[in-house]
Amino acid sequence: MKILANDGISQSGIDALTTAGFEVITTKVAQEQLINYINEHKVVALLVRSATTARKDLIDACPSLKIIGRGGVGMDNIDVEYARSKGLQVINTPAASSSSVAELVFAHLYGGVRYLHDANRNMPLEGDSRFKDLKKNYAAGSELRGKTMGIIGFGRIGREVAKIALGVGMKVIYSDSYVEDAEIALKFYDDQTVSFKFKHRDLSDLLRQSDFISLHVPAQKNYVIGKDELAEMKDGAALINAARGGVIDEVALLDALESGKLSFAGLDVFENEPTPALKVLMNGNVSLSPHIGAATKEAQDRIGTELADQIKAILN
């Protein structure tokens, strides 16, 4: 049986599937050619990340497909309910990349509070001629310890963000209409464990109290953070989005940054992905990354092996 990993899969995932007797194809097939390729090769499982879509037309046109797998959490690029109504199994790996996304959130946070995102732009241009001026410009950084981290969406990734924040010495609050109470066990290298209990906060309460806010919600029809929500935030607060593009009104965000309402923002995802707005990319108060939250070697290994385990359980 043939499996097409159209957006790639880790070697560990390939090895696990090959050992189980599957043929793994890692050829990148263009979206417009995908239906013909699946039918020609009688592919039984299509594995995607965020680049490839699996919509109704593909599902209807590919009778050999038994499984559609998403290497990651969000499945907004798959018509999930329709696929399942047609008897296909739709799988993903919701836990595999949580730690990687959470660490990227803090990469943006640490870079933001110490102006590294801007320093790394200007040091190559002016570091040799204006070193003392740049030193003065970037000398007003702040620490994360003792600050309040507000987390919108308290699922797996949100809780991993909370763990890092607690380890840094931050106060953690969250807002999630589906999670009233939560408990997190923070495990240390020597097997010690400390547990923390939390209660859901209203979004407005979180916005007013947080020094830093990180979003961890699925794709939405409407903005989670728009002009009104930005106005409720603390003056000088910062916002990180490593969830999905379109959950923040980027026009309103840029206005908040330009006015000084917010100190900085960190964006791993964008409204107009994969062609983000130039004004967003050029804003000196925005720390940027190209949707790489799950893109660590460790996460990709976990994603590959988790997909392989699920495929073997279904098809064998």
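Start by selecting Tyr115, which sits in the loop between H5 and helix H6 (116-126). Helices here (H or I, at least four residues) and strands (E, at least two) are DSSP runs, numbered from the N terminus. Before going further, note that this is a predicted model, where local features need pLDDT of at least 70, side-chain atom pairs count only at pLDDT 80 or more, and totals for chains, interfaces and linings use all residues. Residues are numbered from 1 along each chain as its sequence is written, and side-chain values use heavy atoms, leaving out hydrogens and water.

Check the backbone of Tyr115: phi is positive, about 60°, although the residue is not a glycine. Tyr115 counts as partly exposed because its relative accessibility is 28%; the cut-offs are under 20% relative accessible area for buried, over 50% for exposed, and partly exposed in between (1.4 Å probe, protein chains only).

**Stop two: helix H8**

Now select residues 156-168, helix H8. Its 13 residues reach 19 Å from first C-alpha to last, close to the 18 Å expected at 1.5 Å a residue (the expected span is 1.5 Å times one less than the number of residues).

Which residues of H8 are buried? Show Ile157, Gly158, Val161, Ala162, Ala165, Leu166 and Val168. Then step to Gly169, which follows H8 and has a positive phi near 100°.

**Stop three: a cis peptide**

Jump to Glu273 and Pro274, joined by a cis peptide bond with omega about 10°. Pro274 lies in the loop between strand E12 (262-267) and H12.

**Stop four: the nonpolar patch**

Helix H12 (residues 278-282) gives the most to the patch, with three residues. Leu281 belongs to H12 and, at 30% relative accessibility, counts as partly exposed.

**Last stop: His291**

Finish at His291, in the loop between strand E13 (286-288) and helix H13 (297-315). His291 has a positive phi of about 55° without being a glycine, and its relative accessible area of 27% makes it partly exposed.
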